[in-house]
Amino acid sequence: MSTHWPTELPVVQVRVARPTDQIEELEKFYCDGVGLEKIGSFTGHRGYRGLLIGMPDSSYHLEFTQHDDGSPCPAPSKDNLLVFYMPNQNSIDAIAKRLMNMGYPEVAPENGYWEEKGVTIEDPDGWRIVLMNSNGI
């Protein structure tokens, strides 16, 4: 596996973006629940406001946008996942418990593979995350 980006693909940041109608709830889920950091936000951008959430170095992060007129976004299939690989099972258990206490219980994954070493949870919009134990992967 290569450890360098190809010259024709000089990527310096990766962002996964999607719309929502529940930007405040997503901030609570991903920051207070999962433990990611709010690294930025914006308002008044052509009728949109947004929230950037990520890891401390912010080279990859999530962006949620909400339009003033609404941003309907039905969740895709139950097998569209955002997977967090984590080496410590105690951390996974603590995050899952915190999310459960916030009203986000574990759900059965579409693909049984994720059940072997992971916990699947739906965010406020119904999009799924997996807290996956990477120990031994």
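Helix α2 is followed by glycine 103, whose phi is positive, near 100°. Helices (H or I, at least four residues) and strands (E, at least two) are DSSP runs, numbered from the N terminus. The structure is a predicted model, in which local features need pLDDT of at least 70 and side-chain atom pairs count only at pLDDT 80 or more, while totals for chains, interfaces and linings use all residues. Residues are numbered from 1 along each chain as its sequence is written, and side-chain values use heavy atoms, with hydrogens and water left out.

**Helix α2**

The 13 residues of α2 should span 18 Å at 1.5 Å a residue, and the end C-alpha atoms are 18 Å apart, which agrees. The expected span is 1.5 Å times one less than the number of residues. An α-helix has 3.6 residues a turn, so residues three or four places apart point the same way.

Four strands form an open sheet in the order β5-β8-β7-β6, with mixed pairing. Its edge strands, β5 (81-86) and β6 (106-107), each pair on one side only. Two strands pair if DSSP finds at least two bridges between them. Strands β7 (residues 118-122) and β8 (residues 128-133) run antiparallel and are joined by five bridges.

**Asparagine 133 and polar contacts**

Asparagine 133 lies in strand β8 and is buried, with a relative accessible area of 9%. Among the residues that asparagine 133 touches, not counting those up to four places away in sequence, are Met86, Ile92 and Lys117. A polar contact is a pair of N or O atoms within 3.5 Å; within protein, one must be able to donate a hydrogen and the other to accept it, and residues adjacent in sequence count only if both atoms are side-chain atoms.

| From | To | Distance |
|---|---|---|
| Asparagine 133, side chain | Glutamine 89, side chain | 2.9 Å |
| Asparagine 133, side chain | Asparagine 135, backbone nitrogen | 2.7 Å |
| Asparagine 88, side-chain oxygen | Asparagine 90, backbone nitrogen | within 2.7 Å |

Terms used:
Buried < 20%, exposed > 50% of the residue type's maximum accessible area, 1.4 Å probe, protein only. Contact = heavy atoms within 4.5 Å.
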